[in-house]
Amino acid sequence: MNINNYTCSDKGLVFPVINEYTWHVGVRATFYLVFMLWCFLGIAIVSDMFMCGIERITSKTRHITVPSATEKDSVEVIEVKVWNDTVANLSLLAFGTSAPEILLSVIEICGKGFKAGDLGPGTIVGSAAFNLLVITAVCIFAIPNGEVRRIKNIQVYGVTSFSSMFAYIWMLIILIVSSPGVIEIWEASVTLCLFPVLIVVAFAMDKGCLSCRKNKTSTEVEIGLALAEFRNASQRRGTADIIDIARECAQNSDLSLDDAAQIAAARIVQNQPHTAAWYRVNATRNITGGTKLIPTIQKDIHDMYDNPRMDEEGERSSSDILSPEDANKAVVEFAASSCAVLENEGYVRLGIRRTGNMDILVNVWVETIDGSAEADSDYKPIKQKITFQPKEKVKDLYVEIIDDDIWEPDEFFFVKLILDPNEKNDNVILGKTSINQVTIINDDEPGKFEFSKPSYVVKESADTAQLFVNRVNGADGEVGVTWETKDMTAVSGKEYRGGSEVLIFKHGETSKTVNIPMYGIQPGQHEPNFEVTLTDPTAGAEIGKIPRCIVTIITDEEFNAMVTRLAIQTQRNLESLSIESGSWREQFHNAMNVNGGNAKGTTAIDYIMHFTTFFWKVLFACIPPPSIGGGWLTFFLSLAMIGILTAIISDVASIFGCLVGLSDTITAITFVALGTSMPDTFASKQAALMEKVADSSIGNVNGSNSVNVFLGLGLPWFIASVFWATKGEVFEVPRGSLVFSVIIYTCCSVVAVILLMIRRRFKMFGQAELGGPLVTKVITALIFFSMWIFYIIISALYAQKIITVNI
């Protein structure tokens with residue numbers, strides 16, 4: 001008996017590191033499964049660092065001088081990107097997402113004495129199947145019903161789709177046709193050289209060199225100008241977001257400045273386009289409890305911002321703005337500050353509401369006061385007691401209107417709420433609407449239209465200007481009147497949104513509101529104004545005494561100060577959301593604290609995953625941050641760490657598969673492929689939801705799959721074929737499971753690409769690759785997912801020799 005020779009003890013290069021002779025097989029299998037999953041988390045975290053380095057490298061810009069487009073005989077300096085986006089996506093970014101699979105294949109061959117293995121190639125094919133079929137299915141289904149996402153750069157997508165299918169067809173050619181079971185040096189060299197060929201062709205297609213369409217090529221200057229305009233537009237959108245949220249903050253006393261800044265940062269981040277690296281890093285951090293790139297808004301703050309408490313009339317109730325000492329008191333007020341009634345209706349109904357403390361009995365008195373209408377001549381006066389029982393919210397009060405046959409202009413009177421001075425009212429106060437003006441309308445004429453006053457003053461902090469159009473001297477029948485804006489010193493589209501619209505007054509209606517959206521005061525303007533006029537009354541109605549009004553927008557110093565403070569706090573929040581760390585100190589701080597030290601919005605899962613991955617976070621925080629060395633130090637050291645972890649996973653996966661009775665092929669296309677592709681799944685789903693196009697979600701899948709073959713197989717095959725050629729021998733690659741798996745995947749990939757083309761073509765699918773109507777969206781997603789299940793089952797049955805096919 002040899003205690004150093006036991007079940008699966010010879011499967012790994014490094015593992016097992018201790019003697020496991022006495023361990024139960026089930027315990028060993030569980031240990032290696034958990035350890036493998038933990039290592040996958042480690043790879044995800046170091047890939048986060050790797051992607052940060054790539055993002056720093058590919059975002060590098062330079063300045064060039066060009067003739068000015070606005071001033072003659074002058075020049076301007078513009079900023080242009082050093083890396084072309086297509087080249088960056090297919091080289092460094094694709095390598096970044098595929099690095100674990102590529103290194104696994106290289107390490108496996110080198111570790112096995114330059115002999116072919118099943119784990120590396122199986123992981124590459126399995127990962128490709130998962131990326132194309134499962135990630136695409138998730139992205140199709142994730143789009144909200146009715147929305148769609150289309151591939152924008154369809155020419156580059158066509159190149160990468162063709163190269164992805166050709167890559168696996170090329171594998172079949174060299175494994176079955178060209179030199180069956182043997183990889184020759186020229187075959188490995190061609191496979192490796194197809195990687196730069198893909199980049200060159202995609203770059204040429206992106207530049208329009210291979211397109212039949214004319215004028216598709218963009219010069220470096222045009223790209224630089226477009227980049228500058230995009231940045232300016234993004235800055236303008238960000239400023240507009242901050243101003244809008246500042247208005248909400250000013251109107252909602254429950255929303256603090258910090259909460260508003262958090263909402264502003266989240267909105268700005270969500271509205272900006274992002275790279276594939278950004279989505280990959282954000283997905284990893286969401287999984288591992290790291291510093292999130294999109295701030296989490298607590299539900300109560302989100303609800304407070306989106307749904308401020310409103311009363312029946314669409315205004316905030318008085319109980320929402322009580323002082324702290326009145327917070328536990330009952331508030332009684334009218335539901336509206338005014339109302340109108342036709343003379344022939346007989347009664348007017350007034351709503352009285354109680355808010356605040358609902359647990360006590362409340363008594364108030366109500367009485368009428370003459371205006372132009374006189375008691376006993378135009379209405380019946382009242383003075384009575386109103387009692388609210390506990391939990392009772394609303395009471396109705398009816399005042400009788402006296403109808404006569406004499407024509408007279410519209411008249412009004414008041415109804416007032418009062419507290420009885422003889423009763424104890426410590427727990428009751430009157431709200432801001434304690435007086436209601438009742439207008440009695442002569443009902444024998446269609447009426448006249450006029451503004452309530454000739455001028456309105458609106459603070460720039462207001463999001464809308466509310467103008468009131470009254471119908472006086474009659475309310476008979478349904479009539480309409482047109483309002484229209486006219487620029488004065490204020491310009492439509494800059495300070496306000498102008499337009500024209502017909503207001504329809506139904507029979508008996510006496511007042512309507514014109515809401516004009518406001519954009520604030522532009523730089524250099526002083527109290528801009530514009531005019532609104534009433535024209536074209538219908539059905540016999542006329543224009544009254546105030547046919548036009550002037551709206552003046554004034555500066556709100558308090559609001560401007562709030563915007564400044566909000567912008568500063570928002571900028572700090574955005575800086576904390578940067579994809580990369582500026583220093584080692586910041587890097588270690590983020591690594592040692594859940595969500596980078598931001599406890600707001602942190603969930604229990606975040607804490608669990610943070611402590612689970614704490615070792616990896618602190619270990620990889622030792623890698624130099626991307627700010628050092630332009631990202632290249634981060635790139636190479638992260639790559640080295642990925643290689644070390646990949647070597648460990650190679651051992652652990654082989655031992656685990658052996659312990660549970662699975663071949664390396666099955667372990668590769670299931671556990672290992674899922675472990676390396678899971679961050680990409682979350683990243684692609686988030687990109688599909690946040691972006692307006694599908695390029696960042698599924699557009700990079702085919703490029704990544706191509707790179708997997710050209711580098712992940714081409715590089716180790718080239719190394720091994722050269723090694724054996726120096727010994728006068730050939731590099732053998734058994735056809736078996738690998739060839740069968742490639743055949744099944746290639747068939748599925750052809751069907752998948754055809755399905756995406758059909759979705760883009762026909763309206764029943766929304767004419768887009770992602771989203772569309774619910775039924776077709778679900779059916780398509782199920783087809784993609786079913787093809788992946790079919791691929792796994794058939795490949796596994798063949799690998800276990802349950803089914804046999806002669807190849």
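This is a predicted model: local features need pLDDT of at least 70, side-chain atom pairs count only at pLDDT 80 or more; totals for chains, interfaces and linings use all residues.
A pair of aromatic rings is described by the distance of the centres and the angle of the planes. The structure holds 27 aromatic pairs, and one of them is formed by Phe166 and Trp170, which are stacked at 6.4 Å centre to centre with 25° between the planes.

**Close-up of an aromatic cluster.** One aromatic cluster is formed by Phe15, Trp23, Phe31, Tyr32, Phe35, Trp38, Phe615, Trp616 and Phe620.

**Close-up of Lys777 and Phe141.** The ring of Phe141 has the charged end of Lys777 sitting over it, and this charged end is 5.7 Å from the centre of the ring.

**Close-up of the packing of helices H8 and H15.** Helix H8 (residues 276–288) packs with helix H15 (residues 664–690) at an angle of about 115°, and the axes of the two helices are 8 Å apart. With that angle, H8 is roughly perpendicular to H15. On the side of H8, the contact is made by Trp278, Tyr279, Arg280, Asn282, Ala283, Thr284, Asn286 and Ile287, while H15 contributes Thr676, Pro679, Asp680, Phe682, Ala683, Gln686, Ala687 and Met690. The crossing in which H8 passes H15 is right-handed.

Terms used
Residues are numbered from 1 along each chain as its sequence is written. Side-chain values use heavy atoms; hydrogens and water are left out. Rings of Phe, Tyr and Trp (its six-membered ring) pair if their centres lie within 6.5 Å; planes under 30 degrees apart count as stacked, over 60 as edge-to-face and the rest as tilted. A charge sits over a ring if NZ of Lys or CZ of Arg is within 6 Å of the ring centre and within 35 degrees of the ring normal. Axes are lines fitted to C-alpha atoms, for helices over the stretch in contact, and angles run from 0 to 180 degrees between N-to-C directions. Helices (H or I, at least four residues) and strands (E, at least two) are DSSP runs, numbered from the N terminus. Angles under 35 degrees count as roughly parallel, over 145 as roughly antiparallel, 65 to 115 as roughly perpendicular and the rest as oblique. A crossing is left-handed if the near helix is turned anticlockwise from the far one by less than a right angle, and right-handed if clockwise. Contact means heavy atoms within 4.5 Å.
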